[in-house]
Every structure is written in C-alpha cells, then in structure tokens.
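Subject: Structure handover

Hello,

Here is the structure we spoke about, followed by notes on what was found in it. Please read the notes with the model open beside them.

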Amino acid sequence: MTAPDTPQAAQLLVDCLIEQGCDRIFTVPGESFLQVLDGLAQQDTIEVVTCRQEGGVGFMACADGAMTGRPGVAFVTRGPGATNASIGVHVAMQDSQPMILFVGDVDSEMRDREGFQEVDFAAFFGPIAKWAARIDSADRIPEYVARAYATAISGRPGPVVLALPEDMLSRATAAIPRPRVERPAQAPCPDAMQAMMALIADAAAPIAIIGGAGWNAKARAHFQLFAERLGIPVATAFRRQDVIASSSKVYAGNLGYGPNPKLVERVKQADLILAVGARLGEATTDGYTVPPLSAPERKLVHIHPDPDELNRVYPADLAICASMDEFAESAALWDDDEVLDFDAGQEAHAEWQSWATAHPNGHALDMGQVVQFMRDTLPGDTIICNGAGNFSGWWHRYWRYEGHPTQLAPTCGAMGYGVPAAVAAALRHPERTVVAVAGDGDFLMNGQELATAVQHGADLIVIVVDNSAYGTIRMHQEREFPGEERVSATRLANPDFAALAAAFGGWSARAATNEKFEEALVEARDRSGLRLIHCTIDIEQLAASGASVSGLRDR
C-alpha cells in the first residue's frame, strides 16, 4: 500500500518553521499531529529530538531559546501532553525566554463537548504566555507562525502557544510561508543617554544590576567595556551570572538567594542604580527590599526592551526602552568630555573574590571544594545547567561563569530543569563541555531525559547531589519548626543513581569524599557521552551559606 502524501496544511506548517530558521524541535509524539510528524520525516533541515515526558520537552525548548535568541520549538499532544508541557511555558514567561509550543488539538467538530483530552488552550495558557491561540484556517498558518515568532522575540521575550486542530492539519491550502521575522531594532534615545550620563556624573555611589531579557554576546561585551571604563560595580540579577565575565574588574557578584552581605549593603546604600535588562523581580531584590522600592536619596535608571516592564513595580527616575545590545553599544561608544572613574568597581570585585573563595568545612564531601575543583578541571566556557534547590547555591557562589551562554538555570525556581537543559545545550553546543547539576529530588523530576541524551548522542556530565531530602524545604522547616519530631514530608528514599545512569547506557561513578569526586571528575572529563557522578552528602551540609540542621535548631 502506498503511503498518502503529507497533507498540504501540515507540510506548510513545517515549511513555515524552516523559513523562520527553525533547525530543531523537541517533542513527545501524539496522534493529534501525525500529519506534522509525517512532514518532518520528509525533510532534513529540522532535527527532531524525541523526549520522554512533555515537561522535559518544555524545558529543552526553554533552554534552546535562551541560548539562540530565537524561539525554542516544542510539539506536544492535547490534554495530558499540553498540561505536562505547561511548566516549560511558565518558565519561559518568568525567565523571558523565547519559545513556541505547538499543541495538537481535538478535531474542530469535537470542540466544546469535552471531547477526548479537550482543553481550552487559549484560556489555559493565556495567563502564562505572551499569546495563546488556535489556528483554525490552513490558509492562515503563515500568518500565525510569523506572528508567533514576532511575539516571542520582541520586547520582553517569552512563550507563545498555538493549538492545531487535527482536521485543520489535513486541509489543502495554496498559502506560502512568510519571510523570516527578526527582532525589531530598539536603539536608545540620545537625549535619554545624555540624561543617564549626567546622573552618573552626579552620583557618589552608583551600582549596576544587570540581567533579564535580551542579553547576547554583543550586549555583554559592550556593557562590560562601559562599566569598566567608568569603574561602576556590576551585580547580576538572580541566575543571570553569565551576562558579564566573572573576571571583569568591576564584577561584584550575584543577587538573589544567599548573596554576599557586603554586596547587599552596597545595593542598599547606592545613590544611583542602573537596572539594565533586569525586571527587578522578587528573587533578585529579596522581596523588593534590595534595593528598596523607594528611597528619597536614590535615583533609578531602568533600561528594558519592553515598555510594560518600566515603572511596573519600581518607580524609575529615568526609563529607557531599548534592546540590550543597542543600549550597551551606545553606552560603550558614548563620547563624554567628563571622564568618570569610580574606585568602587574594583573594591566590589575584591569583595566578591573573597566571598566566592571556598574554605574547607570539615565534611567528607565538601561541596565548596567540589565546585572549586570543577573550576580548576573543566574549561572556562563550560555550560552549567541546574534546576531548583539548595544544591545550586554552591555553583552560584563558587563557579566562574566566564563565557556566554554558560548558565542555564530557571529564575522562576522550577525543579527538574537541569537535565533537560543540559541535553539541549549539548545538542546546541557539541564543541563545549556541558554539566547538569541536580539535587536528588530535583533530578528525579526529569531524570528520564537521560534516555533522550543517549538516544541523540549528547555529551554531558551529570552531577547528582544526594542528601536524601528535599533540602531547601528542610532548611525552611528547621528555620520555622525546628526539631526532629517536626520533620514532615522532606525525607527521601533514593535509588542508586550511578546504577540508574548505567542502565540508561552511560558511564557512572560514586563519590562520598573529596578524593573520590576528584578522581571521578577527571575520568568523566576524559570520556564522552553520558557521564554521571552520584555524590552523597550529609543533610547537615544544607547550603552554601553554611546553614546546617544543628545550627538552625540551636538558634
């Protein structure tokens, strides 16, 4: 029997993605978009990455978008597939990452009857996406796809969700793809730049907080030149540590959870804050207190690519709507007769260097020493991928994010992000070392994607930090309700993670001491494919801040 030709609408959708520059999609296949799968099978421009759960699909698309600046593309089926993938949409929204999720939908004739796996996707995804819609007309596929790309990459980048009725994908159409969409140029106003430079000239203690939407290698290089020329301390927003080289003489460290107390004090005492790209969200600002929402003696210059973010929470004395690369280039090339030279940048950098140097803590497997050994052993442009948990704090504090991109981590604090992100990073940058770091609870959220890594030949190292607990929640538990008899729901009985990795076809090792970890990492570095190191630590070693169970109980 001869297989039928791919329906024209589904083929048009694939052609539109190719026209927009899509070279990879992530999917768990579903019967609701078989026509698209057939179209993908008949081309060789787009690589299809088959994943094991839609949460992994969503996270991989998030990470791919974060690395390329173009939307990461995901395809899932309706109902359970779409709801599983919703975590990726939420991360893409809060992390300002361009992403497009295509959802195979019920047949048009079945709508509004609560058909099999039916969900109103526009209503479901509307609050957590920049745009959520359904393509009902095959002729309008080029319009919807082009608009999805434009929406995802413009202003504050974010996710778009498009539902694909099953019957629509089988229709004939004579439509053709629209041309590739690019992000609109957003140069800063020269008058605004002049006003900003005047504020800097009048400041005694300025500081920059950078991160958020739209950073790329060009923005990073130009802003670093600007900040170093002026000597302004530069702090990075939560989990945005790769937007300036950690070796920069003005890098002051990162804000968020567990920052350097000296940096916190600098931000609070600053008389001028340059917020560049950062939304100044709750995590970065420690609940809108670092910096305070308002201070009579402080000026705030807020630069962001989306006007809706300016003056949304923090009142700005000067708001500049511009893309990061355009702003940073203008700042770096600004010709001002009055040369500014602050000493604070180098002082803040020295404070960060001291804070980011780990000292032995007496534990058999000392996580601070682990990260420092990794730093000395792996390349400077290694990509570190992590989800959520106290374990990540050791890398946030002690790792040097020297290249760009080198940090893939969800600012919204979603668990399970690290392994899928590492798979995406290894496929996108096969020439670089990629490391996923995960807590034991975090790893089992999406550890099944090790199968995806092996199937697609991804080279990555996975480090599982196992304390047999949901450590972050245990820390909060001990802080609020101390005592062994009040520990509730945070203990974990874990599998043998090294054996699990071997079952997936990877190389693995176990480490309970610094020496064993160092031996394992050197061997892992010299191998290829999937490599996993199962690190076992005591729950007493709770966080990079030095927090411990006994210490919290003895307060």
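The count comes to 23 salt bridges, where a salt bridge is a side-chain nitrogen of Lys or Arg within 4 Å of a carboxyl oxygen of Asp or Glu. This is a predicted model, in which local features need pLDDT of at least 70 and side-chain atom pairs count only at pLDDT 80 or more, while totals for chains, interfaces and linings use all residues. Residues are numbered from 1 along each chain as its sequence is written, and side-chain values use heavy atoms, with hydrogens and water left out.

Salt bridges

One of the salt bridges is between aspartate 105 and arginine 134, at 3.1 Å from N to O. Aspartate 105 belongs to strand S4 (residues 99-105) and arginine 134 to strand S5 (residues 131-134), so this pair ties together parts that are 29 residues apart in sequence. Helices (H or I, at least four residues) and strands (E, at least two) are DSSP runs, numbered from the N terminus. Aspartate 105 and arginine 134 are both buried; buried means under 20% relative accessible area, exposed over 50%, and partly exposed in between, with a 1.4 Å probe and protein chains only.

A salt bridge also joins aspartate 167 and arginine 171, with the closest N and O atoms 2.8 Å apart. Here aspartate 167 is buried, at 18% relative accessible area, whereas arginine 171 is partly exposed at 32%.

Glutamate 478 and arginine 553 meet through their side chains in a salt bridge of 2.9 Å, N to O. This pair links distant parts of the chain, with glutamate 478 in helix H17 and arginine 553 in helix H20 (residues 549-553), 75 residues apart. Glutamate 478 is buried at 1% relative accessibility, and arginine 553 is partly exposed at 28%. Salt bridges that share partners join Arg474, Glu478, Glu484, Arg491 and Arg553 into one network.

Which charged residue is buried yet has no salt bridge? That is glutamate 54, and the nearest side chain of opposite charge, arginine 78, is 11 Å away. For charge, Lys and Arg count as positive and Asp and Glu as negative; His and the chain ends are not counted. The side chain of glutamate 54 does make a polar contact of 3.0 Å with that of asparagine 84. A polar contact is a pair of N or O atoms within 3.5 Å; within protein, one must be able to donate a hydrogen and the other to accept it, and residues adjacent in sequence count only if both atoms are side-chain atoms. Leaving aside neighbours within four places in sequence, glutamate 54 is in contact (heavy atoms within 4.5 Å) with Val28, Val76, Gly81, Asn84 and Ala85.

Glutamate 54 is part of helix H3 (residues 54-68). H3 is mostly covered, with 13 of its 15 residues buried. From first C-alpha to last, H3 reaches 21 Å, close to the 21 Å expected at 1.5 Å a residue; the expected span is 1.5 Å times one less than the number of residues. At the N-terminal end, glutamine 53 caps H3, with a side-chain oxygen 2.5 Å from the backbone nitrogen of glycine 55. Just after H3, glycine 69 has a positive phi of about 80°.

Helix H14

All eleven residues of H14 (residues 418-428) are buried, so this helix is largely enclosed by the rest of the structure.

Cysteines

How many disulfides does a search of the whole structure find? It finds zero, a disulfide being a pair of cysteine sulfur atoms within 2.5 Å. For cysteine 22, the nearest cysteine sulfur is that of cysteine 16, 11 Å away. For cysteine 62, the nearest is that of cysteine 412, 8.2 Å away. Cysteine 22 is buried at 5% relative accessibility, and cysteine 62 is buried at 0%.

Backbone

Valine 290 and proline 291 are joined by a cis peptide bond, with omega about 5°. Proline 291 lies in the loop between strand S10 (272-276) and strand S11 (299-304). Aspartate 286 lies in the loop between S10 and S11, and has a positive phi near 50° although it is not a glycine.

A cis peptide bond also joins histidine 404 and proline 405, with omega about -5°.

Regards
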